[in-house]
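Work through the exercises below with the sequence and the 3D view side by side. Try each task before reading its solution.

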Amino acid sequence: MSSCTCDFGVMVGPAVMAVDWASCICPTPRLHAVFPEGPEAVEPCEEATPASAFLNARCDLCGGRYDGPWRRIPAGLAGR
């Protein structure tokens, strides 16, 4: 079971959601974003994508907002 310290300095685990304004600083975030079709797993990437410019991603481990660029995970690779 993983846990991380978000920017407000409180240890949280997967079952506990962080405060809405907190940013994720997990070393290996597990992310999701909510698209019009529903939630989808996403991953950090080097450059902003059109989706990451308009949608917010959240970390499944701490519940914090992910502030970096992210992209959709290609079909068949989600869950790995």
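**Exercise 1. Locate arginine 71, then say how exposed it is and what it touches.**

Step 1. Arginine 71 sits in strand β7. Strands (E, at least two residues) and helices (H or I, at least four) are DSSP runs, numbered from the N terminus.

Step 2. The model is predicted: local features need pLDDT of at least 70, side-chain atom pairs count only at pLDDT 80 or more, and totals for chains, interfaces and linings use all residues. Numbering starts from 1 along each chain as its sequence is written, and side-chain values use heavy atoms, with hydrogens and water left out.

Step 3. Arginine 71 has 41% relative accessibility, so it counts as partly exposed. The scale: buried is under 20% relative accessible area, exposed is over 50%, and partly exposed is in between (1.4 Å probe, protein chains only).

Step 4. Leave out residues up to four places away in sequence. Arginine 71 then touches Val42, Glu43, Cys45 and Thr49. Contact means heavy atoms within 4.5 Å.

Step 5. Arginine 71 and glutamate 47 are 24 residues apart in sequence, yet their C-alpha atoms are 8.8 Å apart in space.

**Exercise 2. Which side chain makes a polar contact with the side chain of glutamate 43?**

Step 1. Find glutamate 43 in strand β4 (residues 38-44). Its relative accessible area is 23%, so glutamate 43 is partly exposed.

Step 2. List its contacts, leaving aside neighbours within four places in sequence: Leu31, Pro69, Trp70, Arg71 and Ile73.

Step 3. The partner is arginine 71, at 2.7 Å. A polar contact is a pair of N or O atoms within 3.5 Å; within protein, one must be able to donate a hydrogen and the other to accept it, and residues adjacent in sequence count only if both atoms are side-chain atoms.

Step 4. Glutamate 43 and proline 69 are 26 residues apart in sequence and 8.6 Å apart in space, C-alpha to C-alpha.

**Exercise 3. Is serine 23 buried or exposed, and which side chains does it join?**

Step 1. Serine 23 lies in the loop between β2 (11-12) and β3.

Step 2. Its relative accessibility is 9%, so serine 23 is buried.

Step 3. The side chain of serine 23 makes polar contacts with the side chains of arginine 65, at 2.9 Å, and aspartate 67, at 2.6 Å.
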